Amino acid sequence: MSSCTVPVAPAPPALKDLPKVAGDLKTELEGFSSSKLKNAETQEKIILPSAEDVAAEKTEKALIEGIAKFDQAKLKHTETQEKNPLPDKDVIEQEKTQNNLLSGIENFDSTKLKHAETREKNSLPTKETIEQEKSA
């Protein structure tokens, strides 16, 4: 015969170990009637996954297992080809001269310029020149 242990309920706590309840709350609890409660229906909100969800999860799990068990020894060695070669010396020199020119313009100190007077050299025509143009 096999022996089966039956779980025994724990002993109730002693009266001195129970929490103290305020007097007014105690009278409310003693006067409580469960017939005053409203009847409410319990609605279970556990939604089981659909067949598509289960299938998608299985395929994802299979992919992850395949990645984890992958043998890297099966890979072939390949040589990398450089498709973006470095610029040659001529291009580098052109960029340097252009950068030097731009930095010279940006860092130009206008306080080193000398003051200059502007003179207009557009002289007005004489009376004879005006008369010649009118007669022509």
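What follows is a short exchange about the overall form, the surface and a few residues.

Me: What kind of model is this, and how are residues numbered?
Reply: This is a predicted model, in which local features need pLDDT of at least 70 and side-chain atom pairs count only at pLDDT 80 or more, while totals for chains, interfaces and linings use all residues. Residues are numbered from 1 along each chain as its sequence is written, and side-chain values use heavy atoms, with hydrogens and water left out.

Me: How many helices and strands does the protein chain have?
Reply: The protein chain has four helices and zero strands, where helices (H or I, at least four residues) and strands (E, at least two) are DSSP runs numbered from the N terminus.

Me: And what radius of gyration does the protein chain have?
Reply: The protein chain has 50 Å, whereas a compact globule of 136 residues would have a radius of gyration near 14 Å; the radius is taken over C-alpha atoms, and the globule rule is 2.2 Å times the number of residues to the power 0.38. The C-alpha trace spans about 140 × 70 × 40 Å along its principal axes.

Me: What share of the residues is buried?
Reply: Of the 136 residues of the protein chain, 0% count as buried, a term that means under 20% relative accessible area, with exposed over 50% and partly exposed in between (1.4 Å probe, protein chains only).

Me: What about Gly 23, is it buried or exposed?
Reply: Gly 23, which lies in helix H1, counts as exposed because its relative accessibility is 51%. Gly 23 and Ala 116 are 93 residues apart in sequence and 104 Å apart in space, C-alpha to C-alpha.

Me: Changing topic, where does Val 21 lie?
Reply: Val 21 lies in the segment before helix H1, which covers 23–30, and Val 21 counts as partly exposed because its relative accessibility is 45%.
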